[in-house]
Amino acid sequence: MTLDAHYLRGSMAAIYSLLKHASCPESLFFHLVVADAEAELRHAVAATFPSLRFEIYPFRAEAVAGLISGSVRAQLEAPLNYARNHLGDLLPPCVHRAVYLDSDVLAVDDVRRLWETPLHEPAVVAAPEYCHANFSLYFTPAFWSDPELGARVFEGRRRPPCYFNTGVMVIELGRWRAGDYRRLIERWMETHREEKRIYELGSLPPFLLVFAGDVEAIDHRWNQHGLGGDKVHGSCRPLHHGPVSLMHWSGKGKPWDRLDAGTPCPLDHTWKHYDLYIDDAADAASPGQCPSSILAAW
């Protein structure tokens with residue numbers, strides 16, 4: 001996961017939910033990528049989860065300098081959003097597989113089941129696919145009308161390209177490193193920035209350009225996404241039909257912000273059960289500290 005000051009409250013809730021529902025919580029190891037200037041967040045994590053097995057990896061904004069283009073929402077342009085492209089470089093070589101999760105997720109099932117997803121060669125990434133979504137809308141008319149781009153980009157893929165959300169992925173890091181997939185993603189970012197505008201939505205489209213059609217499909221239960229509404233208004237949305245193992249508040253609206261504003265959506269109350277934030281006005285504990293009763297629960 002990535003970790004920053006604004007999303008710290010969400011990250012703590014996500015970590016707590018993963019531990020609470022894990023069949024063997026002591027087997028989990030958290031790789032937390034932080035902005036270079038926020039390495040002190042290590043202390044916040046250690047104070048909240050004294051027994052947590054984790055490591056902090058500083059991410060320098062210079063690593064993506066000159067690659068990020070404007071998006072529909074300023075927050076999508078934050079350098080830390082692109083840290084997932086660098087997991088193969090940041091994590092130790094001995095780490096061959098990782099589950100990448102956004103900070104606005106909540107697990108209600110044992111994450112081991114997600115971890116054990118089989119990735120048949122040559123698949124590098126596994127994620128839920130949403131083939132009912134209009135895939136063409138993720139790219140500009142200039143992309144689709146270019147004879148060197150458009151549908152030609154996806155020729156030779158295992159399946160027709162479908163949208164997938166990059167907030168929940170199982171990544172085979174050995175294959176990622178061997179294929180230099182970070183560089184493949186960056187080439188599309190360079191094309192977009194320097195040659196022609198081929199997409200609109202921040203860090204997602206380059207992933208689609210590289211992996212769509214070659215993703216190992218996972219059951220939709222592992223990413224009930226969109227609970228934060230759209231990218232602009234953040235309106236309330238219900239769960240999709242079917243079983244739920246992981247809830248994802250992708251979109252503009254975050255449950256902690258809506259709860260604090262007194263305008264929560266119905267599903268935000270589920271997230272609140274995992275919220276470890278303690279208001280100074282209500283308790284002497286510092287913000288973000290976990291009560292001893294909660295620590296004892298895992």
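1. A disulfide is taken here as a pair of cysteine sulfur atoms within 2.5 Å. In this predicted model, Cys236 and Cys265 form such a pair, with their sulfur atoms 1.9 Å apart; the torsion about their S-S bond is about -85°, so this disulfide is left-handed.

2. The link between Cys236 and Cys265 connects distant parts of the chain, 29 residues apart: Cys236 sits in the loop between strand S10 (216-217) and strand S11 (246-248), while Cys265 lies in the loop between helix H9 (255-260) and helix H10 (268-272). Cys236 is partly exposed at 46% relative accessibility, whereas Cys265 is buried, with a relative accessible area of 4%.

3. The structure holds two disulfides, and the other joins Cys131 to Cys162 with an S to S distance of 2.0 Å. The link of Cys131 and Cys162 is right-handed, with 105° about the S-S bond. This pair, too, links distant parts of the chain, 31 residues apart, with Cys131 in the loop between strand S7 (129-130) and helix H5 (141-145) and Cys162 in the loop between H5 and strand S8 (163-164).

4. As to accessibility in this pair, Cys131 is partly exposed, its relative accessible area being 48%, whereas Cys162 is buried at 8%.

5. Counting bonded cysteines along the chain, the disulfides follow the pattern 1-2, 3-4. Cys24 is in no disulfide, and the nearest cysteine sulfur, that of Cys94, is 19 Å away; Cys24 counts as partly exposed at 26% relative accessibility. Cys94 is likewise in no disulfide, and this residue is exposed, with a relative accessible area of 61%.

Conventions:
Residues numbered from 1 in each chain as written. Predicted model: local features only at pLDDT ≥ 70, side-chain atom pairs only at ≥ 80, totals over all residues. Heavy atoms only, no water. Helix = DSSP H or I, 4+ residues; strand = E, 2+ residues; numbered from the N terminus. Buried < 20%, exposed > 50% of the residue type's maximum accessible area, 1.4 Å probe, protein only.
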